[in-house]
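Open the model in your viewer and switch to a cartoon display. This tour goes from one selection to the next and says what is found at each stop.

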Amino acid sequence: MKPLEWSRAKSLFKPEQRHKILLAGLLLFLGAYRLLLIQSGQLYWPDEFRYLHALHLLDELRKGEVAQALYWVFGAEGGVASRPSYILFSLAPAALQGVANLVFDVQPTDATFYRIPVVANVAVSLGLTGTIYYIIWSLSGDRVLALVGASVHGLLANTNMYVRHLFPYDTSLLVFLMSLGILLAGQANTGRPLLRAGVAGLLSGFAATTYPGYYLFILIPLALLLANRPTEWRSVAAFVMAVASVGIIWEGTARLGGFSFIGASQRFSIISFTPESSEGVQGAHEEGFLFLPMYLVEIEGLAGVALGLLFLGFIAMAVRGGFDRRQVMIVAAAVLAYLIYATAVQVFHRALFYGRLVHMFIPVMVLAAMLAVTQFRRPSVRYGIVATLMALSVISFVPNAITALEVRFPKDLGRELATTLGPGIKICGLGQQPKNTREGSQEACNVFLENARHLYPLPDGWKAEPPAGFVLVGEFPHPMQFRPYWFEGYTPSERKRLAADPPVISLFTRLRSGRLPWSNGLTTVTDGSDSDARALTARRQGIA
């Protein structure tokens, strides 16, 4: 079928040049937005602290302590031992942080210190967009659909929400997609199939050990190799052995320090969970099979609905034989991976679903949606579908993007308060559990913040009475008002509570009159009376 064209009118650029220019424009737009996004948010989630192990490793290597350096990869608490490739990929930004500290005196307490690794996240996320463009183009032969698919994926809330945080998800997904891209390039250029399969296997192995939650993605490049007719079993064997070799390399490295990579990995895998061990873990087992469609509707909105419908259209068309073997096998492998995981969640209670796991399946959904569009023979219909999908993507993107940029995180709020209030003012409550938040507040603290932390588990209530000698000055919207975060370990009942009663960060101070020297005009309680506090709570005015 003839690919879609942008226009039949004459242009200063050849079609290939136009696509490159438009792709470059898309990358510039997404890059600019994400650079704005990363101005805050680092080290909000507990899992982000795993990144610090890369800094510790470099510090130990600097001191010549190899065994202790291996400890920070394979021996320390927090599940890092199952993701050694994440530490490996984190060494470059961690080294840049060290240079910034030594040369420019950028301290770990400075906000810019942890923006260095998230700038790398932005680059990785743009690499994802470019790789998705290449994969869709390789499988559809249509550059317009490739650009539309890359745009749709790039505008999704799920695509953008992890960039500002020190997470391995985008890195793992990019390396997996690169393995798929290498195999697709090899099918276009049939030279050295064993080498390509081996490289793809190595990449898949490193991707799986970057974030073990995505290891089922290995089924997708494997399915592409099996799609060949006749099946190139030597290539399949090369791929499998290359994947296994990564595990062998990491196990051997861990043994040098007296640790075991394989043993640690079993504790963070579906197959190692018992029903008892997954009880009480964040999330809900009953959402297994419905988690992905529910996420698309509640978080991605109209764009998610359209994407889901086109994906179902691909399934229906594939049953009728509308696609070639490669296209079907890739999507079928992703569906199989989803069903395996959903079964482990809902039937066997050996895992749980989160938005970060949805992250793995969305690129294949976008691919399937674009392939479904190719089956409509009338160009006007295809143009209409593409235009509608792009419009819905933009409509869904704008409110999500605005809300994401407005999120104010506790650490950033603490730095703003410290700068505004000046030296000698002690701020308490940042990152502390409720029991510890008020300890010493009567004597040691001038200002303290309630709920200025990651809210898990959820407290009984957001509102708290001021301690003796303090007054409620105002409230800030808590980051957990950002809806995509609700799908990162919260149950349906907890999400309903977050929707019905949006959480806030409460600011208390010893000042009883006048205004705080606060540039954003924070509402104050001038006399500390209960009536004023209730009025402030009722207004619940956030600070933009």
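The model is a predicted one. Start with the strands: select the open sheet of four, whose order is β1-β2-β4-β3 and whose pairing is mixed. At its edges lie β1 (427-428) and β3 (471-477), each of which pairs on one side only.

Next, show β1 together with β2 (residues 447-450). The two strands run parallel and are joined by two bridges. Pick I427 and look for its bridge partner in β2, which is V447.

The crossing of α9 and α11 is right-handed. On the α9 side, they include P193, L194, A197, L202 and F206. Among their counterparts in α11 are R234, A238, F239, V246 and W250. Of the residues in this contact, twelve are nonpolar, six are polar and one is charged.

The last stop is helix α14, residues 291-319. How far apart are the end C-alpha atoms of this helix of 29 residues? They are only 24 Å apart, whereas a straight helix would reach 42 Å at 1.5 Å a residue. Centre the view on E300 to find a kink of about 145° in α14. Then move just past the end of α14 to G321, which has a positive phi of about 80°.

Terms used. Residues numbered from 1 in each chain as written. Predicted model: local features only at pLDDT ≥ 70, side-chain atom pairs only at ≥ 80, totals over all residues. Heavy atoms only, no water. Expected span 1.5 Å × (residues − 1). Bend = angle between axes of the 7 residues up to and from the residue. Pairing = 2+ DSSP bridges. Left-handed = near helix turned anticlockwise from the far one by under 90°. Contact = heavy atoms within 4.5 Å. Nonpolar A, V, L, I, M, F, W, Y, C, P; charged D, E, K, R; others polar.
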